[in-house]
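Please keep the sequence and the coordinates open while reading.

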There are 2 protein chains.
Amino acid sequence: MPVRVVCYGLGPIGVGIARMAASRSNVAIVGAIDIDPQKAGQSLAVLLGSSAPALSADILVSNDAAETLASAKPDVVLHATSSSLAAVRDQLVQIAGAGAHVISTCEELSFPWTAQPQLAADLDAAARQHGVALMGTGINPGYAMDALPLMLTAPCAAVRSVRVLRVVDAAQRRGPLQRKVGAGLTPEQFEAKVHAGSVRHVGLPESLHMLATGLGWQLDRSDNMIAAVLAEQPYTTEFVQVAAGQVAGVRQVARGFIGEREVLSLELRMYVGAPDPQDTVDIEGDPPVHMRITGGLHGDVATAAIAVNAIPSVMRAAPGLASMRDVPLVHFFR
Amino acid sequence: MPVRVVCYGLGPIGVGIARMAASRSNVAIVGAIDIDPQKAGQSLAVLLGSSAPALSADILVSNDAAETLASAKPDVVLHATSSSLAAVRDQLVQIAGAGAHVISTCEELSFPWTAQPQLAADLDAAARQHGVALMGTGINPGYAMDALPLMLTAPCAAVRSVRVLRVVDAAQRRGPLQRKVGAGLTPEQFEAKVHAGSVRHVGLPESLHMLATGLGWQLDRSDNMIAAVLAEQPYTTEFVQVAAGQVAGVRQVARGFIGEREVLSLELRMYVGAPDPQDTVDIEGDPPVHMRITGGLHGDVATAAIAVNAIPSVMRAAPGLASMRDVPLVHFFR
């Protein structure tokens, strides 16, 4: 019997997840939810386009979550509506109340215990009450800068520090991402957007806390810095033009300290023309571990893939709020 | 409260595990078992030497497993007595019967369902009956050529093949390992030992089956080949002398096929003087993933570390026989 899945949230990430879910023979999409009036009432198959051949034509996108959950009776809800945990709290509680496991791309859900302990406790209680597991995941946070580095410490007798570097050439990614990282802005425009909170990568502190908690480290201090990377020469992509001296994208660094010692460093470089895309983990330990994924992990495909690939793991997890370190190993399944 | 641990089997691997367990503040060694008459009755602290300062002086190695398990009441037994599942079956059943979780370095236990389904079913039933989890792990099998490659498929929408290459320079490892891979033998002596089964790396088929099962692939055919690597020039280590033309070590390859297509390839090169030690995983998929750990993962330290680091994961796992893909993420803990 295929797993019954409802897709909740059909923005770019949610559509990617729904397409991938529709392609899996062991997954059946039984409902779809989005509050966008442009989408509600539409056929999901039409919305996803030709890349979702296996989809039943009579699944309509609904803006009534309660009704859809009650009638579709999903095993798992794939949720992709917002980065903010406060914004999605009620949606998640409602899904748990319907008895469905939740996999969400809400970045702040990936490891909420440190930054938002009360929300985490509420969600854990709701999930336990209804016997379901609830997890936030994606490529970052959820994998490249937290779960994978943690897994790489398994062969270590001792760990003194973990440094993670993720380099993404935004020019190879979709237009919204290029605009999200500020490509083509002036430095002044970028600063204004940072202050307004509209240029940011959500999730780096969550990754930092997952690593610290997993390793058993009590951090004395942590920080999180975002800065523009300016183009040294003009750069033109399919979507944006960047003049020399304009913003090419962002560099963001989150660090954790024990005393004055920097024990965790997570650096994300995401800009058009970024050379040598990669995911690198350097563990100073006994033995040391130096891992590199050449070319890096493709963020858009990977977030959708991880959300879908997490289905079996979340269904086997203990009830409650979980992170990627709590559930059975997430990997591709057919 | 520290986790109560009994160390069962105090050969080179078991001693390494016991030393590492003794170094962890959240682990308390409460008993030790070995059938070797030279060791029974000895103080574990003396056997482990000065590198285990935290160990109580009054823990004596016992050759009476039943008595030790009953009196020490461990939460977890760290088991390292044999590579053969048939040989350790009764030991594992006895431990489960005493109500303790088991982490074992028995290579054939790492993924026994395909090759030894009846033994696997027996052990699963015993573990469930007593509400404990039972898992085989180590660096290889258990991590480098199965769990880690599986984890690396999480960002993939599709996987067409997985190739794993592990290169170990045996010259940098302990003497027994150099002799185990046949360093210094003539090609004829090597062949004789392969036929006698005394030169082999146990676990490659188990890794292959963990990957195939995890990915949902039904293999039509698999093979497992071992061959000598001959020294092109003389090589001298602390432990062996290898003349040109003599055996430097082994190359072993396990492959899995669907139809005529090679979908899995696990290659292990372990010989004195092996250039460029590494652990490499190449996933042909959407997107592809190319991962490399430069220098490779150090086998002796890593197997002990993984066994100890798996303690929290096994204690949180569902009762029954488990593999590294079934338990919460294994990572270093303090």
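Helix α10 of chain A (residues 299-309) is mostly covered, with nine of its eleven residues buried. Helices (H or I, at least four residues) and strands (E, at least two) are DSSP runs, numbered from the N terminus. A residue is buried if 20 or more other C-beta atoms lie within 10 Å of its own, exposed if 12 or fewer, and partly exposed in between, with C-beta atoms placed from the backbone. The model is predicted: local features need pLDDT of at least 70, side-chain atom pairs count only at pLDDT 80 or more, and totals for chains, interfaces and linings use all residues. Residues are numbered from 1 along each chain as its sequence is written, while chains are lettered from A and ligands numbered from 1 in the order in which they are written.

Among the buried residues of α10(A) are A:G299, A:A302, A:I306 and A:N309. The buried residues of this helix pack against α1 (12-22), β4, β5, β7 (158-169) and α11 (311-316) of chain A. Contact here requires C-beta atoms, placed from the backbone, to lie within 7 Å.

Two of those partners, β4 and β5 of chain A, belong to an open sheet of seven strands with parallel pairing, in the order β3-β2-β1-β4-β5-β6-β15. Its edge strands are β3 (61-62) and β15 (320-322) of chain A, each pairing on one side only. Two strands pair if DSSP finds at least two bridges between them. Strands of a sheet pair through backbone hydrogen bonds, either parallel or antiparallel. β4(A) (residues 76-79) and β5(A) (residues 101-104) pair in the parallel sense over four bridges, and A:V76 has A:H101 as its bridge partner in β5(A). Helix α3 (residues 65-72) of chain A packs on the sheet, where it touches β1 (3-8), β2 (27-33) and β3 of chain A, and its direction makes about 155° with that of β2(A). For such angles, axes are lines fitted to C-alpha atoms, for helices over the stretch in contact, and values run from 0 to 180 degrees between N-to-C directions.

On the scale of the whole chain, chain A has eleven helices and 15 strands. Its radius of gyration is 20 Å, close to the 20 Å that the globule rule gives for 334 residues, so chain A is as compact as a globular protein of that length. That radius is taken over C-alpha atoms, and the rule is 2.2 Å times the number of residues to the power 0.38. Of the 334 residues of chain A, 54% count as buried.

Chain A is assigned domain 1 (3-138 + 302-322) and domain 2 (147-296), with bounds from an automatic or database domain assignment. Their centres, taken over C-alpha atoms, are separated by 27 Å. Each domain of chain A gives eight residues to the contact between them.

Chain B also has an open sheet of seven strands, in the order β3-β2-β1-β4-β5-β6-β15, with parallel pairing. In chain B, β6 (residues 133-136) and β15 pair in the parallel sense over three bridges, and B:L134 stands opposite B:L321.

How many residues does each chain bring to the contact between chain A and chain B? Chain B supplies 43 residues and chain A supplies 43 residues. On the chain B side, β14(B) gives the most, with six residues. Strand β14 (residues 289-294) of chain A and β14(B) pair in the antiparallel sense over three bridges, with A:M291 opposite B:I293.

Terms used
Contact = placed C-beta atoms within 7 Å.
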